[in-house]
Amino acid sequence: MKKWTIRVTLTFAVLLMIAYALFQLSKSRTYQLFGELTNRVDTNEKVVALTLDDGPTEKTDEVLKVLKEADVKATFFVTGAELKQHPEEGKKIAQAGHELGNHSYSHTRMVLKSPSFIKDEIEKTDQLIRDTGYQKEILFRPPNGKKLVFLPYYLSQHNRKTIMWDIEPDSYEDIGSNSDKIVQHVKENVKSGSIILLHVMYKNREESLKSIKGVVESLREQGYTFRTVSELLTEKK
Ligand SMILES: [Zn+2]
């Protein structure tokens, strides 16, 4: 090979490696460049948190009923856009004593976005959450778990906590399509301080919603109690 072809090939290989490393970093559940990132709380207590992503939607009543029957307080990471469409549903979540977290406004991947775009996504959603009457600290969960530079930087500058998860049964198609498999997956993977993620706000997620009862019962059988994410964070050893 000629010298310049070698140089071009090497440069290309290095760029590819950098791109791959940034991609891995952007979706890491345990590390980000700035600020605090929690995917599980380090504790000896048998406590876990149930987190529900996206929405609110017209399915909110049904979701709240399931949680009430299971006697569990969950943490809802809602999007600003959906909250704007369903303000009443947002209020119902707050009134039922669940935790509300910020899951961005438009649910776009927050990678390669400008600082002003990110600020807008977070602040607009915070305001809509406050409009529900929710008064406690608002935690943040990036849409699709994606973040790179400006998002973590903005959150760290504003002392905001980023919350990920360590158990995501319905992210695997073969598990998510069957509520019994979801329950089994949680049962097998749960640890003290685990943060469980389920998607229950859309029609194609019936199995996830159906699994809540079994998830709660089987974990209680193992001696676990449920906390909201904010409560779970106070259990850190
Ligand atoms: Zn989401």
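Which residues are buried in helix H4 (residues 87-95)? The views below start there. This is a predicted model, in which local features need pLDDT of at least 70, side-chain atom pairs count only at pLDDT 80 or more, and totals for chains, interfaces and linings use all residues. Residues are numbered from 1 along each chain as its sequence is written, and side-chain values use heavy atoms, leaving out hydrogens and water.

**View 1. The buried side of helix H4.** Glu89, Gly90, Ile93 and Ala94 are the buried residues of H4. They lie on the same side of H4, because they cover an arc of only 140 degrees around the axis. (The arc is that of the directions from the helix axis to the C-beta atoms; buried means under 20% relative accessible area, exposed over 50% and partly exposed in between, with a 1.4 Å probe and protein chains only; helices, H or I of at least four residues, and strands, E of at least two, are DSSP runs numbered from the N terminus.) Their packing partners are helices H2 (60-70) and H3 (80-85) and strands S3 (75-78) and S4 (99-102), where contact means heavy atoms within 4.5 Å. Just after H4, look for Gly97, with a positive phi of about 85 degrees.

View 2. Asp54 (OD), His103 (NE2) and His107 (NE2) coordinate the zinc ion at 2.1 to 2.2 Å. In sequence, these donor residues follow the spacing D-x48-H-x3-H. (Donors are N, O and S atoms within 2.8 Å of the metal, or 3.2 Å for Na, K and Ca; water is not among the atoms, so sites may look incomplete.)

View 3. His103 is buried, at 1% relative accessible area, whereas His107 is partly exposed, at 26%.
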